[in-house]
Amino acid sequence: MSDKETIDVYNARAATYADTFARTKPDADLLAFMDAVIPKGHILDLGCGPGNSAAMMQAAGFTVEATDASPEMIRIAREQHKVDARLATFEDIAGTDIFDGIWANFSLLHAPKADMPRHLSALRKALKPGGIFHIGLKIGDNANRDKIGRLYSYYQEDELKHLLANAGFTPRTTRLGAEPGMDGTVAPFIIVLSDG
């Protein structure tokens, strides 16, 4: 993510976001991801936010590399969750056969739609053969800003699965749902767990 307005929103509301979405136990999606990744595997938490998911993965025995584009989110991840998160954008995805799992939970939805194929290809390259990829996005068409100024790119299920297949991923499970976001709007979402 390199959209300045979106990053500014997360910097300004990092503490509120951390409190609103605080979890101390893994939810079903995180459990499914951790069950699919090899034990003690190396995981990239792409867009780690306040770091609570990264902390839960670390507690389960995984080695976690956590990144986010918001300096305030990085600060909270380090101070509150003892996650050694680093500042990075989607443009910084690089390397080959590094990770056993990649957790991109509602982070790539802030990337411009035109950049998604390139980002997915870079993530596939960074994933080891047999690795696991989790992606969460909001369902819809096109892109726009939410009530508080964040840029969102929306996807339909078929569109996302086509993008995943083109990047070399094989979807294994799909979950659809709807939940309120930080702006208070209830939005439909899709979560896909894929093999690399």
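Modeller: The lining of the largest pocket divides into 21 nonpolar, 11 polar and nine charged residues. In this division Ala, Val, Leu, Ile, Met, Phe, Trp, Tyr, Cys and Pro count as nonpolar, Asp, Glu, Lys and Arg as charged, and the others, Gly among them, as polar. The model is predicted: local features need pLDDT of at least 70 and side-chain atom pairs pLDDT 80 or more, while totals for chains, interfaces and linings use all residues. Residues are numbered from 1 along each chain as its sequence is written, and side-chain values use heavy atoms, with hydrogens and water left out.

The volume of the largest pocket is about 850 Å³. Of its 41 lining residues, Tyr17, Phe21, Asn105, Phe106 and Ser107 are the closest to the centre. A pocket here is an open set of points on a 1 Å grid over the protein atoms alone, where a 1.4 Å probe fits, with protein on both sides within 12 Å along at least five of seven lines; lining residues have an atom within 4 Å of a point. Grid points are joined across faces, edges and corners, and the volume is the space filled by probe spheres set on them.

Elements that each supply at least two lining residues include helix H2 (14-20), helix H4 (52-59), strand E1 (42-46) and strand E4 (99-105). Helices (H or I, at least four residues) and strands (E, at least two) are DSSP runs, numbered from the N terminus.

Phe106 belongs to the loop between E4 and helix H6 (116-126). Its phi is near 55°, a positive value in a residue other than glycine. With a relative accessible area of 25%, Phe106 is partly exposed; buried means under 20%, exposed over 50%, and partly exposed in between (1.4 Å probe, protein chains only).

Lys40 also has a positive phi, of about 60°, although it is not a glycine. This residue lies in the loop between helix H3 (28-36) and E1, and Lys40 counts as exposed because its relative accessibility is 66%.

An unreviewed UniProt entry lists residues 43-131 as "domain: Methyltransferase"; such annotations may be inferred rather than shown by experiment, and the positions are given in the numbering used here, with feature names shortened. The end C-alpha atoms of residues 43-131 lie 10 Å apart, and the span is 34% helix and 27% strand.
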